[in-house]
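Please keep the sequence and the model at hand while reading.

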Amino acid sequence: MELRGKTAVITGGASGIGLATARQFASSGVNLVLGDIEDEPLQAAVESLRAEGAKVIGVRCDVSQEVEVAGLRDAALMEFGGAHVVFNNAGVAAGAAIGTPKKIWDWVLGVNINGVINGINAFVPLFLEQNEGHVVNTGSLAGLGGVPGMGAYCASKFAVVGISETLFQELLLSGKNVGASVLCPGFVRTRIFESERNMPSELRSYNEDPTARAISEIAQSVVNAGIDASEVAMAVENAVRTNRFWILTHERAAIRTTEQRLAWMKGGEPMGINLDAATRP
Ligand SMILES: NC(=O)c1ccc[n+]([C@@H]2O[C@H](COP(=O)([O-])OP(=O)(O)OC[C@H]3O[C@@H](n4cnc5c(N)ncnc54)[C@H](O)[C@@H]3O)[C@@H](O)[C@H]2O)c1
């Protein structure tokens, strides 16, 4: 897709990978609609991008709510007269497979899976009708292999990879000029392991749980050793331009994980966890 003059909608656009991708798209002349649940960072992101010359609006949006994601599409149509790219990127991290309260599972799955579903339902019919568009969904290396301490997160990211592969196949069968990609990064230096800032207030006591705290501290330290979000942003733009499905910013770790699973399925040893490999491209 030629991007100049087109409009991209980015969820989780106030921070990390979403904000870096907004900056990358803006530098290519793309109009932007940023959706995020955090008001102040969202306004700050919009102001800083405008100061750099971007055409951008911000819309407060909880991606787990269908009507709010439809509102992002309507805002893009109203402000820029169209939408061509949706980056279903907002996400939160929490929850081991053992001992995590069901309400935490519901929160993580609600944001990470329903956010993607709501984005597909809001934008794909429009893209098919206009015979132009591209959907990027944010998965993770945690959507390609299980990781201890991250049961709810892994469940949500496996789902995102599955939804994205299915979407890709259905779009191919449609014969329309609409593409799909799934982004599966390893660790990226962002605020993902400060996700409790967006937790519904009635769930926050979970953060005092010693296991949850220990997992979050380990995860935060590897995230801090990860790659810069601008590298991810360049890979996302490139995938949209060239219509590439897999966006593997940590390609060696992604392929190693997948090969290890295959060997395990064939009767070999269970796949090992290599956090260090997941920090490097
Ligand atoms: N950072 C990493 O190491 C890493 C690795 C793999 C995948 N990811 C994924 O990348 C995506 C972006 O995360 P990030 O790393 O930039 O973290 P981040 O915390 O810096 O950004 C996430 C953004 O999503 C927003 N958000 C949270 N809940 C929301 C909701 N219900 N509705 C709308 N917005 C909401 C947050 O306010 C924040 O601005 C997530 O899906 C995450 O799972 C991150």
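## The sheet

In what order do the seven strands of the open sheet lie? The order is E3-E2-E1-E4-E5-E6-E7, and the pairing is parallel. Two strands count as paired if DSSP finds at least two bridges between them; helices (H or I, at least four residues) and strands (E, at least two) are DSSP runs, numbered from the N terminus. The edges are formed by strand E3 (56–60) and strand E7 (246–247), each of which pairs on one side only.

This is a predicted model, in which local features need pLDDT of at least 70, side-chain atom pairs count only at pLDDT 80 or more, and totals for chains, interfaces and linings use all residues. Residues are numbered from 1 along each chain as its sequence is written.

Leucine 32 stands opposite valine 56 in E3. Between E2 and E3 the chain passes through helix H2 (residues 39–51), giving a right-handed β-α-β crossover (with the strands pointing away from the viewer, the path from the first strand over the helix to the second runs clockwise).

Valine 182 has tryptophan 246 of E7 as its bridge partner.

## Helices on the sheet

Helix H8 (residues 229–242) lies across E4, E5, E6 and E7, at about 145° to E5. Axes are lines fitted to C-alpha atoms, for helices over the stretch in contact, and angles run from 0 to 180 degrees between N-to-C directions. Contact between two residues requires their C-beta atoms, placed from the backbone, to lie within 7 Å.

The axes of helix H3 (residues 66–80) and helix H5 (residues 114–130) come within 8 Å and cross at roughly 35°. Residues in this contact include Val69 and Leu72 of H3 and Ala122 and Phe123 of H5. By class, the contact holds six nonpolar, three polar and two charged residues (Ala, Val, Leu, Ile, Met, Phe, Trp, Tyr, Cys and Pro count as nonpolar, Asp, Glu, Lys and Arg as charged, and the others, Gly among them, as polar).

## The ligand shell

The ligand is surrounded by 31 residues, of which Gly12, Ser15, Gly16, Gly91 and Thr190 are the closest; a residue is counted if its C-beta atom, placed from the backbone, lies within 6 Å. This shell has 14 nonpolar, 13 polar and four charged residues. Helix H1 (residues 16–27) gives the most to the shell, with three residues.
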